[in-house]
Amino acid sequence: MDWLTNINWHDGFTNGKFLWIDWHFWKVIGWLGNLVFFSRIYVQWYATEKRKQVVVPVGFWWLSLMGTLLLLSYGLFYTHDSVYIFSYAFAWIPYVRNLIIHQRHEDAHLDCPGCGKSCPPLANFCGACGVRVAPAKT
Ligand SMILES: [Zn+2]
């Protein structure tokens with residue numbers, strides 16, 4: 001436990017520092033990016049535990065995208081580190097694509113004429129009231 005007694009606890013909160021960090025605009029952007037990017041895993045885990053099935057909620061893709069953009073701007077405008085920039089330079093592509101596919105799927109939902117509930121695109125009958133939502137195939 002030497003490392004614990006060797007930490008100068010006072011230094012972490014003096015000379016304009018908070019938690020040993022010299023805060024300025026880009027530190028806020030970078031740490032906000034860390035927080036947003038890190039939180040996505042817990043959002044996904046929560047959704048999976050709730051459904052008792054592995055799911056990826058749309059919030060996961062939004063948090064991934066926002067976190068990536070914040071961390072990419074931190075890399076581009078503050079650290080200028082090629083390894084760091086490359087880590088986030090292309091990650092946004094699958095996030096945006098997942099969001100587009102999610103939106104198209106949402107738009108393709110059919111509103112039940114009986115109860116108004118939104119039904120999946122390929123549903124023939126409403127899962128809530130049983131009314132036919134798709135035109136009968138002839
Ligand atoms: Zn219905």
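Me: Where is Leu32 found?

Reply: Leu32 is found in helix 2. Helices (H or I, at least four residues) and strands (E, at least two) are DSSP runs, numbered from the N terminus. This is a predicted model: local features need pLDDT of at least 70, side-chain atom pairs count only at pLDDT 80 or more, and totals for chains, interfaces and linings use all residues. Residue numbers start from 1 along each chain as its sequence is written.

Me: Is Leu32 buried, exposed or partly exposed?

Reply: Count C-beta atoms, placed from the backbone. A residue is buried if 20 or more others lie within 10 Å of its own, exposed if 12 or fewer, and partly exposed in between. Leu32 has 15 C-beta neighbours inside 10 Å, so Leu32 counts as partly exposed.

Me: Which residues of helix 2 are buried?

Reply: Gly33, Phe37 and Arg40. There is a general idea behind such spacing. An α-helix has 3.6 residues a turn, so residues three or four places apart point the same way. What covers the buried residues of helix 2 includes helix 3.

Me: How do I check the length of helix 2?

Reply: The expected span of a helix is 1.5 Å times one less than its number of residues. Helix 2 (residues 25-51) has 27 residues, so the span should be 39 Å. The end C-alpha atoms of helix 2 are 39 Å apart, which agrees. Lys52 follows helix 2, and its phi is positive, near 55°.

Me: What does the span check give for helix 3?

Reply: Helix 3 has 22 residues and should span 32 Å. Its end C-alpha atoms are 30 Å apart, which agrees. Just after helix 3 comes His80, with a positive phi of about 55°.

Me: Against what do the buried residues of helix 3 pack?

Reply: Take contact as C-beta atoms, placed from the backbone, lying within 7 Å. The buried residues of helix 3 pack against helix 2, helix 4 (82-89) and helix 5. Among them are Phe60, Trp61, Leu65, Thr68 and Tyr74.

Me: At what angle do helix 3 and helix 5 cross?

Reply: Axes are lines fitted to C-alpha atoms, for helices over the stretch in contact, and angles run from 0 to 180 degrees between N-to-C directions. The axes of helix 3 (residues 58-79) and helix 5 (residues 92-107) cross at roughly 145° and come within 9 Å. Val58, Trp61, Ser64, Leu65, Thr68 and Leu69 of helix 3 make the contact with Trp92, Tyr95, Val96, Asn98, Leu99 and His102 of helix 5.

Me: Is His102 buried, exposed or partly exposed?

Reply: His102 has 15 other C-beta atoms within 10 Å, so His102 is partly exposed. The C-alpha atoms of His102 and Lys137 are separated by 27 Å.

Me: Where does Leu19 lie?

Reply: Leu19 lies in the loop between strand 1 (17-18) and strand 2 (21-22). Phi of Leu19 is positive, about 55°, although Leu19 is not a glycine. Leu19 is exposed, with 8 other C-beta atoms within 10 Å. Trp20 also has its place in the loop between strand 1 and strand 2. Phi of Trp20 is near 65°. Trp20 counts as exposed, with 11 C-beta neighbours inside 10 Å.

Me: Which domains does the domain assignment give?

Reply: Domain bounds come from an automatic or database domain assignment. Here they are domain 1 (2-107) and domain 2 (111-138). Their C-alpha centres lie 40 Å apart.

Terms used. Contact = placed C-beta atoms within 7 Å.
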